[in-house]
Amino acid sequence: MDNSFFDELSALGSEADVDTALLVEKVKSAMMKAAKKAYPDSEENIRVEIDPEQKIFEMYLKQTIVDDESLDENEINIEDARRIDSLAEVGGTVEKRLDIAKFGRAAAQSAKQSIKGDLRDINRERILNEFEHLENDCITCQVSQVEPGGTVTMLYHKTELYLFRNEQIPGETLREGQMVKVYITTIANKQKKPIIKISRVRKELVKRLFELEIPEIYDGTVEIKAVSREAGSRTKVAVWSKDPNVDAIGACIGPKHSRISAIVSELNGEKIDIILYSEKTEEFIARALAPATVLGVKILSEEEHTCTITVPNHQLSLAIGNKGQNAKLAAKLTGYKIDIKPEFEVQHPEWKSTEPEKKNEPEENLKSEQPEQESEVAEEHGNGSEE
């Protein structure tokens, strides 16, 4: 057999990430299927030998030695047998080397298709074994290819994963060779060709990053109660401590902001608000609107989860946020529909009283008063002259 076969075999093993020994067994099985078609009555007598190290690829047909004409492919005349083995005897057996090319194109194609089918099964099992336990978890991948404005190809242990545009953080630019964390949302098509779906925009990614970066969350001392996220812009995380001696927010921030800074860096600078969770609904809602200060919370309906919030007039825009972002994130975090109102209703300029003031009286009114003033002065002067 040409050495190119073994080179291709080695390359195929590397490409499919399959051990060569396992691949050899698959090739043997495929060749046995092909041989069965060429020698339908000799399946049990056919042997395939493949040794990649010695570069050996042979097929043999075991034949019983007879002293007269052979009846089928499973028998061989003694004279022909001694051409193979000079010590051959009637009643014994010899192995006749088969010409692999004899199987023809159809047999070779059948073997090739069988090998491909086996490789698909091997690859499917390998992917499931590698990723099934990582579903709904966070992994670190290397960016291998970035298509302009489109899909990013990533590598995880030689397996290619695809990060589609809608699962990328808005405004983030990934570079080839960069190591980034992604969240495995699901594994689709498990029965045929598994598809690993990954994301960097899901709120679950933030939760897993907190668990990986903060020991107190990993060991359960501090618990994440809720997360709301607008990927690429801002995230709110509600935490609380089961141990009264452990500061939940301080644990998340870490010494010199080291822990939260690492998470923010991984998320391409996304802002993160850490909220102290409270079992008192009003208190939790008020905290969720951070960084705004809340003066009061009124629950309108616990069943419909609606409430009204009062904030200082100068913090109304801060509480609502840019394009309503802060209010939306607070609503998602708490599960309540929030109506934000200012402390004092600001009267619109058009609503001010229209009653005129004397200082703004029209000139015509002032002129109408002048004759009276002049007559009074004249009268005084007149009285004075009479005296």
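Okay, let's start at Glu282, which is partly exposed because its relative accessibility is 36%; buried means under 20% relative accessible area, exposed over 50%, and partly exposed in between (1.4 Å probe, protein chains only). Quick note: this is a predicted model, where local features need pLDDT of at least 70 and side-chain atom pairs count only at pLDDT 80 or more, while totals for chains, interfaces and linings use all residues. Residues are numbered from 1 along each chain as its sequence is written, and side-chain values use heavy atoms, leaving out hydrogens and water.

Back to Glu282: you'll find this residue in helix 9, residues 281–288 (helices are DSSP runs of H or I, at least four residues, strands are runs of E, at least two, and both are numbered from the N terminus).

Now, salt bridges. Side chains of opposite charge can pair when their charged atoms come close. The cut-off here is a side-chain nitrogen of Lys or Arg within 4 Å of a carboxyl oxygen of Asp or Glu. How many salt bridges does the structure hold? There are 19.

Take Glu270 and Arg229, whose closest N and O atoms are 2.9 Å apart. This pair links distant parts of the chain, 41 residues apart: Glu270 sits in the loop between helix 8 and strand 12, Arg229 in strand 10. Glu270 counts as buried because its relative accessible area is 1%, and Arg229 is buried too, at 10%.

Then there's Arg126 with Glu130, at 3.4 Å from N to O. They're four residues apart in helix 4 (residues 104–131), so about one helical turn separates them. Arg126 and Glu130 are both buried.
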